[in-house]
Amino acid sequence: MAHLRSRRQLALAVPVVLSLTASLGFLPGVASAAPLAQSTVATAEGPNLSYVVNTKTNKRTIAAVQKAIAEAGGKIVITYDEIGVIVVHSTDPAFGATIRAVRGVESAGATRTSPLTPAGTTDLGAVDYLTDAEAAKVKAASADIPDAEPLEADQWDLRAIGADKAAKINDGSDKVTVAVIDTGVDDTHPDLAPNFSKSQSANCNGGVADTSEGAWRPYTPQDYHGTHVAGEIAAARNGIGVAGVAPGVKVSSINVTDRASGLFYAESVVCAFVFAADRGVEITNNSYYVDPWLYNCVDDPDQEAIVDAVNRAQKYATKKGTLHLASAGNSNHDLASDAILDASSPNDTTPVERTIDPSECFDVPTQLEGIVTVSATGVKNEKSYYSTYGNGVIDIAAPGGDARYQIPDTPSKNGRILSTMPNGEYGFLQGTSMASPHAAGVAALLKSTHPGANPGRLQRLLKAEADKFACPTSYDQNGDGVQDAVCEGTPSVNGFYGFGIVNALKAVEK
């Protein structure tokens, strides 16, 4: 998958406008798509771009800004009154600069560098599907494991964190829901259907939640990422295929991908966080970064607006009781370093190579304050070769797979993660995309065991009950004499593992 999953905590160099969001008095209300008369004043014509306009949350300010948007020729898509975020479309190249000068606007900018396009499909990447012959071999091996699912012999990841043993004590509460903010989930899959929550699912593409039947599903079978993630979290123990880390909890789908490009734009992610909070979701999993910038630099007005808008939305959800987990990234970047080379942004037009300071340019939502950042490990409990890391940035680690250097002694001998795929199939994937849902599943078990725990306490429990791993003495994975990454920190907290690798068994024993 091109960019799927790819934080430094935003408590560092946070602009004043962002630090204010933590203390905003969120007003009750429902997001509205208020139609306003559009200006008849001629403006310059350019590509039709989507913008986020961030304001104070009082009704008078929002109304005044809405009027200014209309006068500037902008078309309001939706207004999130409770967080002061307005999604707008405009073809005027000067729209962003014009609106940033309006009184009451705290930040505003384009969420993409390419124009809005008609619906289409895109190939998100390849997957290693489990063949019938391989499945037969796995089922034979699984038959020798007491109480195992038919394909569980290949799920080394469950055993690595004690999820197989945890399921015999407490497989999770059906009063806990994990929302998969992703490419959509095929809820017709037999391993997902028993635990799927339709009432907490939607399609947020474009910034407005569509809850019509099936809107949350992937657009095509190639949009398999979200279905795989959902299975890792909550595939049911029903004797059919695989098992999730928390097979008794509910899972929902919030599809946030653009139909034409498959990318994750800010307005869709804002919609997802607000929708999850308002529908009572306890946990969200975020195995992506907000396009088109791998890192959003707050000295750029467009990128600052993206950070501001998404941060407002995730803080709103946190305040309402939702814990967010996100994958650290697949670039083997040190998010605690002084500089990182970003050669992939923007990814919706032509990337321009730039060197960024990760304390001022943020991977969103991963580096937002309060979000649990998850790095990836393999079967040997070593950092996966691709996983991004950083002392003081990574909160927790979890199995994400490593098919290059960490090969398990399983029937398929596949170092990746086996999980559900659209159309009732199964396949192997690896990435921090796969690590985050393992941690989300453990968080769901903790919420099931401690139903009164708020997001802050859940974070503390997740870290306290993790298995501690010190930095390795050497991390020369390919044996060429060069360190492939440098781990810093203590045996208890460090850049590779954060507070340790999640432990599902401990989550249900207390």
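**Notes on the model**

1. Thr79 belongs to strand S2 (residues 75-80). On naming, helices (H or I, at least four residues) and strands (E, at least two) are DSSP runs, numbered from the N terminus.

2. A word on the basis of these notes: this is a predicted model, where local features need pLDDT of at least 70, side-chain atom pairs count only at pLDDT 80 or more, and totals for chains, interfaces and linings use all residues. Residues are numbered from 1 along each chain as its sequence is written, and side-chain values use heavy atoms, with hydrogens and water left out.

3. Now to the sheet. Seven strands make up an open sheet with parallel pairing, in the order S7-S8-S6-S9-S11-S15-S16; two strands pair if DSSP finds at least two bridges between them. Strand S7 (202-203) and strand S16 (396-399) are at the edges with a single partner strand each, so one side of each has no neighbour in the sheet. Helix H7 (residues 225-234) packs on this sheet, touching strand S6 (177-182), strand S8 (250-255) and strand S9 (283-286). The direction of H7 makes about 160 degrees with that of S6. Contact here means heavy atoms within 4.5 Å. As for the angles, axes are lines fitted to C-alpha atoms, for helices over the stretch in contact, and angles run from 0 to 180 degrees between N-to-C directions.

4. Strand S15 deserves a look of its own. How many of its residues are buried? Six of the six residues in S15 are buried. On one side these are Val372, Val374 and Ala376, and on the other Thr373, Ser375 and Thr377, so both faces of S15 are covered. S15 pairs with S11 in the parallel sense over three bridges, and Ala326 stands opposite Thr373 in S15. With S16, the parallel pairing of S15 runs over four bridges, and Val374 stands opposite Ile396 in S16.

5. Next, a helix pair. The axes of helix H8 (residues 266-278) and helix H9 (residues 301-319) come within 8 Å and cross at roughly 10 degrees. H8 is therefore roughly parallel to H9, given that angles under 35 degrees count as roughly parallel, over 145 as roughly antiparallel, 65 to 115 as roughly perpendicular and the rest as oblique. From H8, the contact involves Ala266, Val269, Val270, Phe273, Val274, Ala277 and Asp278, which meet Ile306, Ala309, Val310, Ala313, Gln314, Tyr316 and Ala317 in H9. By class, this contact of H8 with H9 has 12 nonpolar, one polar and one charged residues. For these classes, Ala, Val, Leu, Ile, Met, Phe, Trp, Tyr, Cys and Pro count as nonpolar, Asp, Glu, Lys and Arg as charged, and the others, Gly among them, as polar.

6. How do helix H10 (residues 432-449) and helix H11 (residues 455-464) cross, and at what angle? Their axes come within 10 Å and cross at roughly 115 degrees, which makes H10 roughly perpendicular to H11. In H10, Ala439, Val442, Ala443, Leu446 and Lys447 meet Leu458, Leu461 and Leu462 in H11. The contact of H10 with H11 has seven nonpolar, no polar and one charged residues.

7. Please also check two cis peptide bonds. One joins Ser345 and Pro346, with omega about -5 degrees; Pro346 sits in the loop between strand S12 (340-342) and strand S13 (354-356). The other runs from Val364 to Pro365, with omega near 5 degrees, and Pro365 is in the loop between strand S14 (361-362) and strand S15 (372-377).

8. Finally, two asparagines with positive phi. Asn332 has a phi of about 55 degrees although it is not a glycine; Asn332 lies in the loop between strand S11 (323-327) and S12, and at 22% relative accessibility it counts as partly exposed. Asn423, also not a glycine, has a positive phi of about 65 degrees. Asn423 lies in the loop between strand S17 (417-421) and strand S18 (425-429) and is exposed, with a relative accessible area of 56%.

Key:
Buried means under 20% relative accessible area, exposed over 50%, partly exposed in between (1.4 Å probe, protein chains only).
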